[in-house]
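This report describes nonpolar cores, salt bridges and a surface patch. The sequence and the structure are shown first.

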Amino acid sequence: MTIETDEPPLTVDELAARAGVTVRTVRFYGTRGLLPPPVIGPRRVGHYGPEHLARLELIEELQRQGMTLAAIERYLAQLPPGLDAHDLAVHRAVVASWAPDTGETVSREELRRRAGRPLSEEDVRRLVAMDVVEAAADGGYRVDSGLLPLGVRLLDVPLSQEVILAARTALIEHSRAAAQELSGLLREAVAERDARDVRSLTAQMRPLVVQALLTTFQRSLREELRLWLSEAQTGG
């Protein structure tokens with residue numbers, strides 16, 4: 001794995017601190033193959049990049065949702081190859097959405113620490129507009145911990161806030177339509193089953209359905225972008 005980014009590489013201590021875990025945890029995940037090996041730099045020091053951090057945050061989120069290590073290994077093995085930090089952040093945001101409430105109130109300094117970068121007043125306003133951050137009465141901020149990494153990355157996307165919010169609205173509308181249709185299919189399939197069986201089946205199906213939807217969307221978007229670029233190059 002190579003690290004090609006404008007961000008400075010992280011040592012294992014810095015990676016652990018950014019993710020809020022111990023160095024021992026990082027090394028353990030590495031031995032299990034859940035984290036790619038670091039890039040070895042001068043003096044044999046391992047360097048980690050954004051993909052390492054994003055994957056580590058995804059693993060921690062999966063654990064918070066109650067998944068076993070074996071289940072996490074299966075989940076990661078089913079991810080499409082070559083996912084970058086942005087793709088992994090999207091997966092983490094989806095996983096975090098399984099929980100009924102992932103929000104908590106933090107100080108401005110804690111918000112900056114979790115973002116992993118300085119945040120200007122304009123940055124915070126954009127995060128608020130994206131519903132990632134909400135100003136709290138005590139001067140702190142109510143933060144959706146699952147969406148924060150994705151929201152921070154969107155701050156650097158060269159698109160206006162209006163376009164980003166319009167894209168968010170479109171995604172919500174289509175996601176709700178898909179969820180309603182899938183819910184109807186599942187209700188018909190389990191109509192005659194015991195309530196406990198329904199809960200068990202729902203718990204098993206939920207991560208699989210979400211991952212399938214996300215993977216399908218990524219592939220469709222990649223194809224749409226490829227066609228768009230092809231038309232732009234040919235002047236069509």
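## Terms and basis

A residue is called buried when its relative accessible area is under 20%, exposed when that area is over 50%, and partly exposed in between (1.4 Å probe, protein chains only).

The model is predicted: local features need pLDDT of at least 70, side-chain atom pairs count only at pLDDT 80 or more, and totals for chains, interfaces and linings use all residues. Residues are numbered from 1 along each chain as its sequence is written, and side-chain values use heavy atoms, leaving out hydrogens and water.

## Nonpolar cores

A nonpolar core is a set of buried Ala, Val, Leu, Ile, Met, Phe, Trp, Tyr and Cys residues joined through side-chain atoms within 4.5 Å. The largest such core contains 27 residues, and Val 26, Leu 58, Tyr 75 and Leu 76 have the most contacts inside it. Two or more residues come from each of helix 1 (12-19), helix 2 (23-31), helix 3, helix 4 and helix 5; helix 3 contributes the most, with six residues. Helices (H or I, at least four residues) and strands (E, at least two) are DSSP runs, numbered from the N terminus. A second, separate core has 15 residues, including Val 106, Leu 127, Val 132 and Ile 164.

Leaving aside residues up to four places away in sequence, Val 26 touches Val 12, Leu 15, Ala 16, Val 21, Leu 35, Tyr 48 and Leu 56. Contact here means heavy atoms within 4.5 Å.

Helix 4 (residues 69-77) has Leu 69, Ala 71, Ile 72, Tyr 75 and Leu 76 as buried residues. These residues lie on the same side of helix 4 because they cover an arc of only 155° around the axis; the arc is that of the directions from the helix axis to the C-beta atoms. The face turned away from the buried side of helix 4 carries Arg 74 and Ala 77, which are exposed.

## Salt bridges

A salt bridge is a side-chain nitrogen of Lys or Arg within 4 Å of a carboxyl oxygen of Asp or Glu. The count by this rule is eleven. One of them joins Glu 61 to Arg 92, with the closest N and O atoms 3.5 Å apart. This pair links distant parts of the chain, as Glu 61 is in helix 3 (residues 50-64) and Arg 92 is in helix 5 (residues 85-96), 31 residues apart. Glu 61 is buried at 3% relative accessible area, and Arg 92 is buried at 8%.

Within helix 7 (residues 121-129), Arg 125 and Glu 122 are three residues apart, about one turn of the helix, and their side chains form a salt bridge at 3.0 Å, N to O. Arg 125 is partly exposed at 48%, as is Glu 122 at 38%. In an α-helix there are 3.6 residues a turn, so residues three or four places apart point the same way. Glu 109 and Arg 112 form a salt bridge with closest N and O atoms 3.1 Å apart; being three residues apart in helix 6 (residues 108-115), they are separated by about one helical turn. A network of salt bridges links Glu 104, Glu 110, Arg 113 and Arg 114.

## Nonpolar surface patch

Leu 171, Phe 217, Leu 221, Leu 225, Trp 228 and Leu 229 make a nonpolar surface patch of about 600 Å². Patches are made of residues with over 30% relative accessible area and no salt bridge: like charges are joined within 9 Å, and nonpolar side chains (Val, Leu, Ile, Met, Phe, Trp, Tyr) within 5 Å. Helix 10 (residues 195-234) gives the most to the nonpolar patch, with five residues. Leu 229 is located in helix 10 and counts as partly exposed, because its relative accessibility is 48%.

Methods
Accessible areas come from the Shrake-Rupley method with a 1.4 Å probe; for residues, only the protein chains shown count as cover.
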